[in-house]
Amino acid sequence: MVQKGQPQGRERRVCWSLKLWSVAVVTMALFSVCFIVSCVVTYHLTYGKTVKRLSELHTFHSTLTCFSEGTRVTEKVWGCCPSTWMSFGSSCYLVINEENFWKKSEQKCVEMGAHLVVVNTEAEQNFIVQHLNKSLSYFLGLSDPQGDNNWQWVDQTPFKNNGRFWHHNEPNFSAEQCASIVFWTPKGWGWNDVFCDTNRNSICEMKKIYL
């Protein structure tokens with residue numbers, strides 16, 4: 001004997017299952033759309049910044065040289081510098097063999113989309129000095145505006161007072177409010193505080209463009 005309530009129960013279960021599947025499908029579709037939109041937005045933001053930076057550099061430099069720097073997932077990563085600049089780590093460097101006072105030197109770097117060099121590591125400094133003339137002095141992007149031994153990098157990188165970089169007994173005069181790198185015997189290359197309005201060569205630095 002078949003009870004009359006059974007078909008209705010099955011119909012309800014079927015309807016409930018269909019509703020659950022519908023909710024699951026809609027939820028998955030929404031997640032997929034959000035993921036795709038997120039990827040597109042991220043791509044355009046990143047790509048847009050890269051294109052803008054490339055456009056800015058092309059106003060100062062006619063050509064760029066790019067180096068393969070490994071892979072990111074399945075995509076090659078290329079680090080690019082202006083063709084006359086040196087590549088090290090994530091930065092590009094240019095030695096300016098023209099003497100100017102500190103502010104003018106920084107201005108010339110800025111006009112090329114860069115700033116006076118900021119030295120973060122010993123390895124970075126060792127690379128840079130290979131391209132310097134031992135008989136010359138070069139401005140760094142480091143200054144002490146108030147003459148109170150509160151040294152500051154031009155790109156706002158926190159300054160770590162590492163004695164290994166300064167020459168012995170330097171800095172030693174509050175009126176010398178700019179830093180240079182110079183070769184002294186027997187220590188070799190090191191930093192020295194100097195007057196900002198003296199004329200010296202300089203070193204510019206900019207971040208690489210990654211493609």
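**Entry 1: elements.** I take helices (H or I, at least four residues) and strands (E, at least two) as DSSP runs, numbered from the N terminus. Read that way, the protein goes α-β-β-β-β-α-β-α-β-β-β-β-β-β from the N terminus on. My tally for the secondary structure is three helices and 11 strands.

**Entry 2: ground rules.** This is a predicted model, where local features need pLDDT of at least 70 and side-chain atom pairs count only at pLDDT 80 or more, while totals for chains, interfaces and linings use all residues. Residues are numbered from 1 along each chain as its sequence is written, and side-chain values use heavy atoms, with hydrogens and water left out.

**Entry 3: confidence.** I checked pLDDT, the predictor's confidence in each residue, from 0 to 100. The average for the protein is 81, and 67% of the residues score at least 70. Residues 33-47 fall below 50, and beyond near neighbours in sequence this stretch has one contact in the model. Contact here means heavy atoms within 4.5 Å.

**Entry 4: overall packing.** I looked at contacts with a separation of 6 or more: 63% of them join residues 24 or more positions apart. For burial I use relative accessible area: under 20% is buried, over 50% exposed, partly exposed in between (1.4 Å probe, protein chains only). Of the 211 residues, 35% count as buried.

**Entry 5: cores.** A nonpolar core is a set of buried Ala, Val, Leu, Ile, Met, Phe, Trp, Tyr and Cys residues joined through side-chain atoms within 4.5 Å. Which members of the largest one touch the most others? I noted Val119, Ile128, Leu132, Leu140, Leu142, Ile181 and Trp191, out of 22 residues. At least two residues each come from β4 (91-100), α3, β6 (137-143), β8 and β9 (188-194). A second, separate core has 14 residues, including Cys92, Leu94, Cys109 and Phe139. Back at Leu140, leaving out residues up to four places away in sequence, I listed its partners, among them Trp102, Trp153, Ala179 and Trp191.

**Entry 6: salt bridge.** I searched for a side-chain nitrogen of Lys or Arg within 4 Å of a carboxyl oxygen of Asp or Glu. The count is one salt bridge: Glu122 with Arg164, 2.8 Å from N to O. Glu122 sits in helix α3 (residues 122-129) and Arg164 in the loop between β7 (152-153) and β8 (178-184), so the pair ties together parts 42 residues apart in sequence. Glu122 is partly exposed at 39% relative accessible area, and Arg164 is exposed at 52%.
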